[in-house]
Amino acid sequence: MTGVRNVVLVHGGFVDGSGWQGVYDRLKADGFNVSVVQNQTLSLESDVETTHNVLDQQDGPAILVGHSYGGVVVTESGTHDKIAGLVYIAAFAPDAGESVNTLIADPPPGAPVPPILPPQDGFLFLDREKFAESFAAELAAFMADSQVPWGLEALNGTISEPAWRSKPSWYLVASDDRMIPPPAQRFMSERAGSTVTEAAGSHSIYVSQPRATADLIEQAAQEASVESATA
């Protein structure tokens, strides 16, 4: 089986692609070609278009990786013919007709509630004072103060055809996540038929555990063949 050597990384809401640096460095050191998508997170439609633009530039099959809201982008854009497999990192993996908003609308009893502030001019922000305990214990102050506005259109963007129904997927569950409860991650990964790994870490596990994140991506690349990407 020929291994896939291209990886495309998609960030989530409230952040940009710079958080992937630790994962990027490890993948590059291991010989992968890595692209980091810089989505505006204004609407799902525009983020899918931006991701497709990056996928169009790949010289062969690729593993498409999404964190948090990036999982929604991956799910919608992952039907692209360059995609050999999907990797979800503490991410939403919605089904057809679902959005982030529908997935978080009815949290289980006792689940932590993300400290998302009321919309301001159509954009969402996390409470800076609660950023460390909810989103990231690592680099928390910097990440809180460098937040990217997350558009309501992105929150409400619904999936047309979930890529995980036609592409193999892998999922890293962050067992200490206080943004997307681990039981919700386990439910979505099981529904998607993903190969699942768990690791201790906050919602930003891709920052705190870059090696564990890169290891799962490399596993996906090894297991996804060129044939599956072009089928």
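Throughout this tour a residue counts as buried when its relative accessible area is under 20%, as exposed when that area is over 50%, and as partly exposed in between, with a 1.4 Å probe and protein chains only. The model is predicted, and local features need pLDDT of at least 70, while side-chain atom pairs count only at pLDDT 80 or more and totals for chains, interfaces and linings use all residues. Residues are numbered from 1 along each chain as its sequence is written, and side-chain values use heavy atoms, with hydrogens and water left out.

**Stop one: salt bridges**

Select arginine 165, which is exposed at a relative accessible area of 57%, and then aspartate 95, which is buried at 14% relative accessibility. These two form a salt bridge whose closest N and O atoms are 2.7 Å apart, where the term stands for a side-chain nitrogen of Lys or Arg within 4 Å of a carboxyl oxygen of Asp or Glu. The pair links distant parts of the chain, 70 residues apart, with aspartate 95 in the loop between strand E4 (83-89) and helix H4 (100-104) and arginine 165 in the loop between helix H7 (152-156) and strand E7 (169-174). Helices (H or I, at least four residues) and strands (E, at least two) are DSSP runs, numbered from the N terminus.

Next, select arginine 211 together with aspartate 30, a salt bridge in which the closest N and O atoms are 3.2 Å apart. Arginine 211 lies in helix H10 (residues 210-223) and aspartate 30 in the loop between helix H1 (21-29) and strand E2 (33-37), so this contact ties together parts that are 181 residues apart in sequence. Both ends are partly exposed, arginine 211 at 33% and aspartate 30 at 34%. Through shared partners, salt bridges join Asp30, Arg211, Asp215 and Glu218 into one network. The count for the structure comes to 6 salt bridges.

**Stop two: a parallel strand pair**

Show E7 and strand E8 (residues 195-199), which pair in the parallel sense over 5 bridges; strands are said to pair if DSSP finds at least two bridges between them. Tryptophan 170 has threonine 195 in E8 as its bridge partner.

**Stop three: an enclosed space**

Which residues lie nearest the centre of the largest cavity? Select Ser68, Phe92, Ile116, Trp150 and Met179, which hold that place among the 14 lining residues. A cavity is a set of points, on a 1 Å grid over the protein atoms alone, where a 1.4 Å probe fits but cannot get out, and lining residues have an atom within 4 Å of a point. The largest cavity holds about 110 Å³ of space, a volume being the space filled by probe spheres set on the points, which are joined across faces, edges and corners.

Methods. 1 Å grid on protein atoms, 1.4 Å probe; cavity = no way out; pocket = protein on both sides within 12 Å on 5 of 7 lines; lining within 4 Å.
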